[in-house]
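Work through the exercises below with the model open. Each task is followed by a solution in steps.

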Amino acid sequence: SDQDPNLNTAMYRPGLFFADGKRKVDYILCYKYKKKSASKSRLSITSNGSVPITIPSRLEAEPELGEVGAAAGEPEESKLSEEEKALMRQEFEAGLLEAGLQIERDKERSKGIGFIRLHIPWPILSREAELQKIKVAVKKKCELRKRSGVAGMWDSVVTKLNSPFQPDVPDTDIHKDSQSRVYFKTLKHPFIRDKLHLYDIKSTATLFDNATRSRIVAEIISRSTCTNTCQTTGINSLLARGVYDSAYPLHDVSSGRLILHEEWANYGVMYKYQPVDLIRKYFGEQIGLYFAWLGVYTQLLIPPSVLGIIVFLYGIFTVDTNVPSQETCNHNLNITMCPLCDAVCDYWHLSTVCSLARASYLFDNGATVLFAIFMSLWAACFLEHWKRRQMCLKHTWDLTNLCKIMMHKKHKMT
């Protein structure tokens, strides 16, 4: 065939790959379109960035439509026509091609929903991974040795006690040598393109998992700009204007969804720890940190709950010996109280609030003071424990450099 292999018609094919079955779909852009009968149909193409796209400067002299729509209190997308949205999409996608991403789009009909699939090739992926200092497994392994003596016995006891509460999730970072029966842990180091021989690379297509690839693509599309059709930066502003309806990565079925269903989203495993690493792998770092915090919070609520039950039981066992409750509930004393209001209210007996006095003592007794002191200390311990847990997760999930990059970006924007 005389057709350029870098320019081919892209028909919709479900899956995690482009129509060629080789390039992964790392991100999806979705938009609604409605063509006029007299308008020319757009070609559906797949490009690797070598095909230039001409952007007409039709909207250069127009005012900021988003500001006008926001001032009028109406949705911003209602101020944009379909032709203007198409021009803005065309310029934005041209910027993505210039950034090195590869694009595959569906053939448009008269109206419907269009999907644009994005793929990041290895040169761009490796460059961004090096800039973001993403850690990759190296060839050298670390031998895990058990402690000896009293410390080793204590570790074995703690491990046996915690084993029923551990989720049945394989640890991919720890491997066992079949011959020596020694456990080795995978070491990771920030990625450097010039030192590929140091990393445990079986294939460049599988070196970075799908979550990392999607995160890098999200970083690229968040900084792409439109200057001819509109003065805006990033996919979020285009989503706010209604140029695109949504932007999202694809869910990877092979990333442990079945294990999550069995070992996490199941009432039968409520007593087990959460597989936060697997949650992070499937849902991303933000959702993973949220459930990690929720797990720490729920776990540390156990001591206050136990102490609260003890305080409540203490109130039940001592309510009969409480002098104010005894005087309130003693009908023989015949204590008469003043009216609660003028004119319409009558005198009333103190014994009528006996049940209320006894019930209030259950929650407000002498042990409540100790419970209040304990809760003040517990709040400080919980905060410090979560800080430590959060830093451990950031180091394990390689988020420390990402936080620095985001802070640097915010500083540059301000």
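The exercises cover a helix, charged pairs, aromatic rings, cysteines and a surface patch.

The model is predicted, so local features need pLDDT of at least 70 and side-chain atom pairs count only at pLDDT 80 or more, while totals for chains, interfaces and linings use all residues. Residues are numbered from 1 along each chain as its sequence is written, and side-chain values use heavy atoms, with hydrogens and water left out.

**Exercise 1. Find the salt-bridge partner of glutamate 219 and describe the setting of the pair.**

Step 1. A salt bridge is a side-chain nitrogen of Lys or Arg within 4 Å of a carboxyl oxygen of Asp or Glu; a search of the whole structure finds 13.
Step 2. The partner is arginine 223, with the closest N and O atoms 3.6 Å apart.
Step 3. Both residues lie in helix H5, four residues apart, about one turn of the helix. An α-helix has 3.6 residues a turn, so residues three or four places apart point the same way.
Step 4. Glutamate 219 has a relative accessible area of 14% and is therefore buried, whereas arginine 223, at 37%, is partly exposed.
Step 5. Arg127 and Glu128 join Glu219 and Arg223 in a network of salt bridges.

**Exercise 2. Locate the two ends of the salt bridge between glutamate 93 and arginine 105.**

Step 1. Their closest N and O atoms are 2.3 Å apart.
Step 2. Glutamate 93 is in helix H2 (residues 82-99) and arginine 105 in strand S3 (residues 102-105), 12 residues apart.
Step 3. Both residues are buried.

**Exercise 3. Classify the ring pair of tyrosine 31 and tyrosine 244.**

Step 1. Rings of Phe, Tyr and Trp (its six-membered ring) pair if their centres lie within 6.5 Å; planes under 30 degrees apart count as stacked, over 60 as edge-to-face and the rest as tilted. By this rule there are 17 aromatic pairs.
Step 2. The centres of the tyrosine 31 and tyrosine 244 rings are 6.2 Å apart, with 85 degrees between the planes: edge-to-face.
Step 3. Tyrosine 31 is in strand S1 (residues 27-34) and tyrosine 244 in the loop between helix H6 (235-241) and strand S10 (246-248), 213 residues apart.
Step 4. Tyrosine 31 is buried at 2% relative accessible area, as is tyrosine 244 at 1%.

**Exercise 4. Which cysteines form the disulfide, and what is its handedness?**

Step 1. A disulfide is a pair of cysteine sulfur atoms within 2.5 Å; the search finds one.
Step 2. Cysteine 341 is joined to cysteine 345, S to S 1.6 Å.
Step 3. With 85 degrees about the S-S bond, the link is right-handed.

Technical notes: Helix = DSSP H or I, 4+ residues; strand = E, 2+ residues; numbered from the N terminus. Buried < 20%, exposed > 50% of the residue type's maximum accessible area, 1.4 Å probe, protein only.
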